[in-house]
Amino acid sequence: MAFRFILLSAGLLALVFTAALASDSSPLQDFCVADASSQVVVNGLACKDPKTVQANDFSASGLHMAGNTSNPVGSKVTPLTAAQIPGLNTLGISLARIDYAPWGINPPHTHPRASEILLVLEGSLEVGFVTSNPENRQITKVLQKGDVFVFPVGLIHYQRNVGNGNAIAIAALSSQNPGVITIANAVFGSKPDIASDILVKAFQVHKNVIANVQSKF
């Protein structure tokens, strides 16, 4: 009986320890403003001396300005992460403005380190995400001005402007460095290229199709 209790206790401790390792550590000080000039390699960004921190380290401007959507996908993401606002470092939040031309898309992508909540400021957006294997279920909805939608961490998701005018959205993310992996760019634009025979088998198409798509990235 005692042995079973020890095993159960050890199992519970292992679960707690794993859960602790799987999440970001809580800040141990008021802030850790990123020091872009530091040569120290850490999991994140090294801190400035707190005595040198200024208000500008916690501020940014220009988010009222529309992004340039004159590109093949018809959208522009303007991020505000720790790279743009050093004071976000270690705080576990970031923001982005997304502008969409009529029928423009924010193509299928993932954020490996963050969940996302999207608020539509102007226009109508079709949004969706796809669940993991084996179901690969698509969950989609058309949003109007003032509507909000959540994209769970790590799942492939997208947005499309379904209106005849421009659309604007604000995205909040649960990491100061959420990362982004755009599926088409990663698969067809990797450097060096993924071998074409691998992509032929993965997508079940002729090698000329793969070569044509790779040429666009």
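Tutor: Please keep in mind that this is a predicted model. In α3, the residues Ser-196, Leu-199, Val-200 and Phe-203 meet Lys-207, Ile-210 and Gln-214 in α4. By class, this contact has 4 nonpolar, 2 polar and 1 charged residues.

Student: At what angle do the axes of α3 and α4 cross?

Tutor: The axes of α3, residues 196–203, and α4, residues 207–214, cross at roughly 110° and come within 9 Å. The two helices are therefore roughly perpendicular to each other.

Student: Is the crossing of α3 and α4 right-handed or left-handed?

Tutor: The crossing of these two helices is right-handed.

Student: What lies in the loop between α3 and α4?

Tutor: Gln-204 lies in that loop. Gln-204 has a positive phi of about 55°, although it is not a glycine. With a relative accessible area of 66%, Gln-204 is exposed.

Student: Changing topic: how many disulfides does a search of the whole structure find?

Tutor: The search finds 1 disulfide. A disulfide is a covalent bond between the sulfur atoms of two cysteines. Here Cys-32 is joined to Cys-47, with an S to S distance of 1.8 Å.

Student: Where in the chain are Cys-32 and Cys-47?

Tutor: Both Cys-32 and Cys-47 are in the loop between α1 (2–22) and β1 (75–80), 15 residues apart.

Student: Why is the disulfide of Cys-32 and Cys-47 given a handedness?

Tutor: The torsion about the S-S bond is about -100°, so the disulfide is left-handed.

Student: Is Cys-32 buried or exposed?

Tutor: Cys-32 counts as buried, at 5% relative accessibility. Cys-47, by contrast, is partly exposed, with a relative accessible area of 36%.

Student: What about Ser-37; where is that residue found?

Tutor: Ser-37 is also found in the loop between α1 and β1, and at 57% relative accessibility Ser-37 counts as exposed. The C-alpha atoms of Ser-37 and Lys-48 are separated by 9.3 Å, and these residues are 11 apart along the chain.

Student: What is the phi of Thr-90?

Tutor: Thr-90 has a positive phi of about 75°, although it is not a glycine. Thr-90 lies in the loop between β1 and β2 (94–100) and, at 30% relative accessibility, counts as partly exposed.

Technical notes: Residues numbered from 1 in each chain as written. Predicted model: local features only at pLDDT ≥ 70, side-chain atom pairs only at ≥ 80, totals over all residues. Heavy atoms only, no water. Axes fitted to C-alpha atoms, helices over the stretch in contact; angles between N-to-C directions. Helix = DSSP H or I, 4+ residues; strand = E, 2+ residues; numbered from the N terminus. Parallel < 35°, antiparallel > 145°, perpendicular 65-115°, else oblique. Left-handed = near helix turned anticlockwise from the far one by under 90°. Contact = heavy atoms within 4.5 Å. Nonpolar A, V, L, I, M, F, W, Y, C, P; charged D, E, K, R; others polar. Disulfide = S-S within 2.5 Å. Buried < 20%, exposed > 50% of the residue type's maximum accessible area, 1.4 Å probe, protein only.
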